[in-house]
Amino acid sequence: MPESVPLPFFVRLWLALVCLFRVIFDPGFAARVAAAREPAALPPAAPPAAALHLLAVLQREGRLIDFCEEDVAGFSDAEVGAAARTVHAGCRKVLRGALKLQPILAQSEGAQVQVPAGFDPAGVRLTGNVVGSPPFTGTLRHHGWKADQVNLPPPPRAQDPALLAPAEVELP
């Protein structure tokens, strides 16, 4: 976030007056002001160390990096499926322990939904023949996910955040 420069008194006074009238007469602006005053449940962006720590935990419990980095073209569908079950179980355990996830849209996938005017394009992606103005009606293909809560313990202090998984050497 850029450093804030103190505004002169009369600039702040003018800004306060403009905001006062806009809050009174613009319900959408008033809602955004109210939301900005609430303490954020999640930081706007997780620091890279936190993202790397989550990836390290997904690797430790589910071998996610190993699975994604493996060239699976030479394996049968049954072998890939068996590996995917193991990865899925471990990664699901991590996600359920570290995050409280909620769908962005509550309807079932395949349901007809209406996307109202003023929708958040970061939370709802429109695909297909997008023409005109909202509201839009379409078929829900994926309900989306939002993290309502993060419960990931911090990484060990002495550990390099870029170290995602140690090398393993078996001795005779």
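At what angle do the axes of helix H1 and helix H2 cross, and within what distance do they come? In this predicted model, the axes of H1 (residues 9-25) and H2 (residues 27-37) cross at roughly 115° and come within 6 Å. That makes the pair roughly perpendicular, since angles of 65 to 115 degrees count as such. The crossing is left-handed.

Who does the touching? On the H1 side there are Cys19, Arg22, Val23 and Phe25, and they meet Pro27, Phe29, Ala30, Arg32 and Val33 in H2. Sorted by type, the residues of this contact come out as seven nonpolar, two charged and no polar.

Now for the core. The largest nonpolar core is made of five residues: Val57, Leu58, Val87, Cys91 and Val94. Helix H3 (48-62) and helix H5 (77-98) are the elements that give two or more residues to this core, and H5 supplies the largest share, three residues. As a rule, nonpolar side chains in soluble globular proteins tend to be buried together. Leaving aside residues up to four places away in sequence, Val57 touches Gly62, Val94 and Leu152.

Most residues other than glycine have a negative phi, and most peptide bonds are trans. Here are the exceptions to look at:

| Site | Backbone feature | Value |
|---|---|---|
| Pro134 and Pro135 | cis peptide bond | omega about 10° |
| Arg63 | positive phi, not a glycine | phi about 55° |

Pro135 sits in the loop between strand S2 (112-115) and strand S3 (136-139). Arg63 lies in the loop between H3 and helix H4 (64-69); its relative accessibility is 41%, so Arg63 counts as partly exposed.

Conventions. Residues are numbered from 1 along each chain as its sequence is written. This is a predicted model: local features need pLDDT of at least 70, side-chain atom pairs count only at pLDDT 80 or more; totals for chains, interfaces and linings use all residues. Side-chain values use heavy atoms; hydrogens and water are left out. Axes are lines fitted to C-alpha atoms, for helices over the stretch in contact, and angles run from 0 to 180 degrees between N-to-C directions. Helices (H or I, at least four residues) and strands (E, at least two) are DSSP runs, numbered from the N terminus. Angles under 35 degrees count as roughly parallel, over 145 as roughly antiparallel, 65 to 115 as roughly perpendicular and the rest as oblique. A crossing is left-handed if the near helix is turned anticlockwise from the far one by less than a right angle, and right-handed if clockwise. Contact means heavy atoms within 4.5 Å. Ala, Val, Leu, Ile, Met, Phe, Trp, Tyr, Cys and Pro count as nonpolar, Asp, Glu, Lys and Arg as charged, and the others, Gly among them, as polar. A nonpolar core is a set of buried Ala, Val, Leu, Ile, Met, Phe, Trp, Tyr and Cys residues joined through side-chain atoms within 4.5 Å. Buried means under 20% relative accessible area, exposed over 50%, partly exposed in between (1.4 Å probe, protein chains only).
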